[in-house]
Amino acid sequence: MSHDFELIGREKSKIAVLLFHGLTGSPFELKKYGLYLHSQGFDVYSYSLPGHGHNIRDIKAVKYSDWLNCAFAQFERLTAKYEQVFVSGLCLGAVLCLAIAEKYGKKVAGVLTLSTTLYLDGWRMPWYSFLLPIGLSTIMRYYYIYPECEPYGIKNEKTRKVIKKLLEKSEVAADNFPMSCIYELLKLSALVRKNLYKVTSPIVIIHSVEDDLASKKSAEEVYKKVNSTQKDLILLNDSYHMLLYDNEKEFVYQISSQFIKSQINIKNDSKINILNLNLGV
Amino acid sequence: MKHYFLTTAFALASTIFAGKLYVFDKKNTIFVANYSVFVTILILFYSLFALSLLRYGGFVDKIFLTLFALSPFIIGKFVSYKLINLFTYMQFAIILLSMIFVVRLQFAN
């Protein structure tokens, strides 16, 4: 079942926001976030990444280069149609946003990363996580499956119950992580980490200090290494990994919208400055 | 040390074979996860015990033992989802070969 969505306004917008979902997730997890951004006047797009959205077995055959190519193609398609394209994503989606910013530089109007997963070092990692490098380097990466378990990346208990039920039906996301896709995520993360200095677009990094999958180390490394003149690191205190469904989701929505609006204003201001220079003012 | 190696190799070969036939495709993901962790621990010990045998035998024996020790990682480098069955049985065969090799080494000494 596909959860892809395109939220396009009646009036032609010049601003598009491209959203990427997380590992084993689907665009469903971005729907409310997308609707909020759309209500603020932006066209919003989100599609399933390769290997996601159908059978969980599909993800085992996917390489990180498939995700990258898909993300690049989607970004290029939108840049041909819109004046400014912002990218935002959660978990794996955040890593893909960084990869886009590394490749396309200033063509990216702005980057919003949520729960960036450069390292899998959150507090929910099991006791045997020290065996991960061995598991990943052997045939076991195609057999091991990490079952999704409490707290499902969500601190809010009511929401957690709802998500747990949806996961049991496998309607919106997979209820486990095959190790092969963790392997691909970590390879992608290593590549992105190496090139973080190429990121020059304005960026907002939002991460929870209690993230159960990726500690704040990932967000801090992004903040430290990117070369954007405008960069902000926002640490949340009352959420886990799934920021868009947790206690501070409204705050995340508002910050995202404010950030995009501020970049539109900056672009408009710089146009005025250029006009003034031409007129010799 | 050879006995440790042989015991671990036997356990590893058995768990991979049984896993392939009865466990890895099960829908009970918690059981599959725990079983896989157990196999991974066996792989770790298999490699360590194989390396610990490097003090026995001649130069050619040492090369073979190193290859056996690294075999899970060499196979892991080339494995793909499409060829997982082939590489799993290849790993199984290499472990059996390594056991025969170490038994031969034991009698040679």
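I take helix axes as lines fitted to C-alpha atoms, over the stretch in contact, with angles running from 0 to 180 degrees between N-to-C directions. Helices (H or I, at least four residues) and strands (E, at least two) are DSSP runs, numbered from the N terminus.

I note that this is a predicted model: local features need pLDDT of at least 70, side-chain atom pairs count only at pLDDT 80 or more, and totals for chains, interfaces and linings use all residues. Residues are numbered from 1 along each chain as its sequence is written, while chains are lettered from A and ligands numbered from 1 in the order in which they are written.

**Entry: α4(A) against α7(A)**

I looked up this crossing. The two axes come within 10 Å and cross at roughly 35 degrees. The crossing is left-handed (the near helix is turned anticlockwise from the far one by less than a right angle). From α4(A), I find A:Leu92, A:Val95, A:Leu98, A:Ala99 and A:Glu102 in the contact. A:Leu185, A:Leu188, A:Ser189 and A:Val192 come from α7(A). I count residues as in contact if their C-beta atoms, placed from the backbone, lie within 7 Å. The contact divides into 7 nonpolar, 1 polar and 1 charged. Ala, Val, Leu, Ile, Met, Phe, Trp, Tyr, Cys and Pro count as nonpolar, Asp, Glu, Lys and Arg as charged, and the others, Gly among them, as polar.

**Entry: α3(A)**

I traced α3(A) over residues 64-79. Its 16 residues reach 23 Å from first C-alpha to last, close to the 22 Å expected (1.5 Å times one less than the number of residues). The buried ones are A:Tyr64, A:Trp67, A:Leu68, A:Ala71, A:Gln74 and A:Phe75. Buried means 20 or more other C-beta atoms within 10 Å of a residue's own, exposed 12 or fewer. The cover over the buried residues includes β2, β4, α4 and α7 of chain A.

**Entry: α4(B)**

I checked residues 84-108 of chain B. The 25 residues should span 36 Å, and the end C-alpha atoms are 36 Å apart, which agrees. B:Thr88, B:Gln91, B:Ile95, B:Ser98 and B:Val102 are buried. Among what covers them I find α1, α2 and α3 of chain B.

**Entry: chain A meets chain B**

Chain A puts 18 residues into the contact and chain B 23 residues. On the chain A side, α5 (132-136) and β6 (145-147) give two or more residues each. β6(A) gives the most, with 3 residues. I sort the chain A side into 12 nonpolar, 5 polar and 1 charged.

Methods: Contact = placed C-beta atoms within 7 Å.
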